[in-house]
Amino acid sequence: MKKDQGKKRIELVCSVAELATLFERTTSITGILDQTVKLIAQHMGTDVCSIYLLETGTRRLFLRATVGLDSGSIGTVQLRLGEGVTGTALKEMRPIIVPSLSDSLYNKPFPGIGEENYEAFLAVPLIYQMKRIGVITLQHSKPNFFDNRDARAMTAIASQLATLIENAKLLMELHSGEVPHSGEDQAHVLPEFIKGNARSEGIAIGSAYRFADRGGDSFFFDPSRHYGQGFDAFTSSIEKTKNQIEQLQQSVEENLSDAGGLIFSSHLLMLTDEAFSGEMAKRIRHGTQTHSAVAEVVNMYIDLFKGSENEIVAEKVQDLKDLGHRILENLLPKEEAEYDYSGHIIIAQEVFPSELIRLTAQNAEGLILQSRGVTSHILILAKSLDMPIITLDSDTLLSVPDRTPLVLDAFQGTVFINPRREVLNHYRHYLITKQQAVKEGEAVKESTYLKSGEEVHIYANVSLLSDVRLAKEYKAKGIGLYRSEFPFLIRNSFPSEEEQCRIYSKLLSSSAPLPVVMRVLDLGGDKKLTYEEVIDEPNPFLGLRGIRFALKNVEILRTQIRAMLAAGVQNGVSYPVHILVPFVSSLDEVLEVKSIISQCITSLRKEGIQCAQEPKVGIMVELPSAVFIIDELVQVVDFISIGTNDLVQYIIGVDRTNAQVADYYMPMHPSVLRSIQLVASAARRHGLPVSVCGESAADPILAQLFIGMGIEQLSVAPKSIPRLKRCIERFSMKEAQDFAQKALKAGTIRELKEILN
Ligand code: PEP
Ligand code: MG
């Protein structure tokens with residue numbers, strides 16, 4: 001075998017993943033490209049590594065970064081498409097190896113940049129979504145230095161780098177030099193873009209709309225606008241506002257019947273309150289200008305609510321401003337009015353779940369939040385509502401003037417401020433293409449089989465009833481996880497048994513004939529109710545979470561279980577009921593819950609209420625303690641669901657919501673994989689169905705590992721189903737098993753990363 005001459009291809013592939021994080025740390029775009037060429041040259045043992053990028057306007061390739069060539073040539077050396085090895089590789093979209101440049105047809109070294117010293121040449125095109133974006137070139141003084149394996153490794157790297165570089169390239173065309181970064185002191189000058197964390201995927205284009213600090217801020221009218229004046233204009237505005245809010249409420253109830261319960265009720269109450277609209281009317285009658293009267297009363301209420309310790313009252317500040325805004329807009333001619341958040345990207349320190357629903361109902365385009373104000377439930381809800389979210393550590397954007405144009409790339413985590421035309425065009429094009437793709441519908445097969453013929457069951461994770469539609473459209477085999485928290489989180493008090501029963505009934509009947517796994521209320525950690533007496537826990541993630549909270553508040557648990565059981569029989573039709581117990585840490589907890597379920601069945605029967613008689617009971621494995629007693633647990637339950645989101649958090653001891661330690665949050669950590677293997681084997685030995693329902697089930701590589709470990713069910717967000725199904729069809733059971741065996745033997749994270757890559 002030919003010697004590898006110091007090439008470390010595998011290490012390079014591994015390091016590329018780390019390169020992606022450079023985009024977050026580096027303060028300039030050129031910095032990203034410089035780091036990339038250095039890393040490649042070092043790992044491939046080459047003298048030269050360069051990146052050329054194709055300029056969109058001139059269709060010419062410009063040298064943008066290099067190690068080994070004269071750095072003065074950056075930005076000046078340019079090639080036509082098809083010119084030289086580099087131009088040809090891009091034109092023909094294939095890697096080209098030239099063993100010895102001096103003997104080659106391509107021989108056209110650039111004078112004065114030092115190219116003539118190098119013989120061997122490898123050029124690999126950078127292609128992003130079938131679009132030519134640039135070329136990576138490697139050069140070495142020794143002839144025949146590169147072979148096909150190098151070309152293959154570099155092609156793999158180029159495809160990984162393409163997204164990163166496409167972003168860098170776009171920005172590079174916008175800025176001629178350095179670009180400030182979020183971490184820098186930017187008290188007065190706003191950066192052109194800011195890098196944050198993408199937390200709910202999507203793209204949004206709009207203008208900035210800042211939310212008040214909790215309990216603070218005032219409400220203003222716009223003095224440049226001509227509001228209608230007088231009592232008649234005011235009453236007509238109140239009438240229009242009332243109609244609009246009632247319509248909004250109705251549409252939310254139709255689309256989000258579980259979560260949307262009276263979400264605009266406080267608006268409607270305020271609107272008809274004598275002390276609110278009545279006070280406005282009084283002031284107008286006494287000669288105050290209409291818009292001033294509206295603003296004065298809104299501000300009077302804001303002052304009242306200001307500084308309240310009570311989160312529910314604090315929440316009302318935004319409701320008030322919302323309402324004041326609508327009343328003012330309704331004083332304007334129709335063509336001038338802006339009633340809702342269409343065309344706006346909201347910037348806030350935090351939002352409540354109910355606010356998120358209101359924002360979605362009022363067409364907000366996207367959301368920028370402070371990292372510390374984000375909870376896992378807001379993110380889960382945002383994904384269900386298809387609301388793009390980026391979180392930021394710095395508060396630079398909190399001072400951005402309202403109406404500043406923004407673009408939110410919540411795939412990459414970038415916020416563009418006052419974006420240039422090229423950026424806008426790029427993202428508008430993306431949105432148009434996406435709409436077309438949605439219209440055409442994703443062709444999804446009914447069942448999913450491995451290359452070798454075994455079936456893998458893909459289920460959907462559902463947070464809102466509205467998710468069921470997509471789950472069915474993407475042909476999920478069932479609802480693998482219904483997170484029952486949302487109706488609790490969004491309301492101002494615990495939903496009653498009847499209210500819950502109505503929600504679960506709708507869930508079961510709208511999902512039928514698909515089976516549904518309903519999870520018992522999983523509160524605690526960062527999933528907090530605003531109306532529950534706040535228990536101040538020093539370590540909420542290690543506190544009254546999941547089933548611990550439910551067993552401490554057993555009446556809440558009983559009510560929920562009764563509602564779930566009763567939903568199992570509707571108008572004489574039975575639906576299978578699966579109850580899932582979250583955050584199990586002992587056998588005792590499971591036995592206690594099972595006994596409560598039996599008691600609930602007995603009491604419902606006694607009361608003459610029809611209900612499911614033999615519900616299936618399963619547990620979530622999310623804690624190391626559950627992994628080590630899995631052999632006992634499998635004997636008392638009907639199914640197992642592995643919640644990797646929390647399992648990773650508790651096995652590695654790393655907060656799943658803390659961006660500071662995101663690098664430690666590794667679903668492919670050896671301990672996590674071995675735990676999953678233990679659970680999967682125990683379940684198989686007992687003939688129990690076992691699924692993975694954490695986010696990592698949607699990762700094609702991890703999914704392959706899980707399947708190789710014997711897991712036949714994966715439950716993922718509906719949006720992830722089509723891609724997951726496509727990926728699964730590409731490998732055989734034997735390949736998955738070999739892959740899993742290899743991964744399970746790896747001791748270091750590094751080794752594992754190499755295997756996974
Ligand atoms: C999990 O922990 O993997 C899970 C699915 O539950 P949640 O994300 O709701 O905590
Ligand atoms: Mg969990």
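Contact here means heavy atoms within 4.5 Å. Helices (H or I, at least four residues) and strands (E, at least two) are DSSP runs, numbered from the N terminus.

This is a predicted model, in which local features need pLDDT of at least 70, side-chain atom pairs count only at pLDDT 80 or more, and totals for chains, interfaces and linings use all residues. Residues are numbered from 1 along each chain as its sequence is written, chains are lettered from A and ligands numbered from 1 in the order in which they are written, and side-chain values use heavy atoms, with hydrogens and water left out.

**Exercise 1. Describe how α17 packs on α18.**

Step 1. Take the residues in contact. From α17 these are V554, L557, R558, I561, R562, L565 and A566; they meet V593, I596, I597, Q599, C600, I601, S603 and L604 of α18.

Step 2. Sort them by class. The contact of α17 with α18 has 11 nonpolar, two polar and two charged residues. Ala, Val, Leu, Ile, Met, Phe, Trp, Tyr, Cys and Pro count as nonpolar, Asp, Glu, Lys and Arg as charged, and the others, Gly among them, as polar.

Step 3. Find the geometry. Axes are lines fitted to C-alpha atoms, for helices over the stretch in contact, and angles run from 0 to 180 degrees between N-to-C directions. Helix α17 (residues 554-567) and helix α18 (residues 587-606) have axes 9 Å apart, at an angle of about 60°. Therefore α17 is oblique to α18. Angles under 35 degrees count as roughly parallel, over 145 as roughly antiparallel, 65 to 115 as roughly perpendicular and the rest as oblique.

**Exercise 2. Repeat the packing analysis for α10 with α11 and for α23 with α25.**

Step 1. Helix α10 (residues 353-361) packs with helix α11 (residues 376-385) at about 20°, the axes being 10 Å apart. So α10 is roughly parallel to α11.

Step 2. P353, L356, I357 and T360 of α10 meet I378, L381, A382 and L385 of α11. By class, this contact of α10 with α11 has seven nonpolar, one polar and no charged residues.

Step 3. The axes of helix α23 (residues 700-708) and helix α25 (residues 733-745) come within 7 Å and cross at roughly 95°. Therefore α23 is roughly perpendicular to α25.

Step 4. The contact of α23 with α25 divides into eight nonpolar, three polar and one charged residue.

**Exercise 3. Describe the surroundings of ligand 1.**

Step 1. There are 14 residues around ligand 1 (a heavy atom within 4 Å), and the closest are R483, R519, G643, N645 and R656.

Step 2. Look for polar contacts (pairs of N or O atoms within 3.5 Å). A polar side-chain atom of R483 lies 2.8 Å from an oxygen atom of ligand 1.

Step 3. Turn to the backbone. A polar backbone atom of N645 is 2.7 Å from an oxygen atom of ligand 1, and a backbone N or O atom of T644 lies 3.1 Å from an oxygen atom of the ligand.

**Exercise 4. Examine the backbone at P513 and M93.**

Step 1. Most residues other than glycine have a negative phi, and most peptide bonds are trans.

Step 2. The peptide bond from A512 to P513 is cis, with omega near 10°. P513 lies in the loop between α15 and β18 (516-519).

Step 3. M93, in the loop between α3 (84-91) and β4 (96-98), has a positive phi near 50°.

Notes: Polar contact = N/O pair within 3.5 Å; in protein donor to acceptor, adjacent residues only side chain to side chain.
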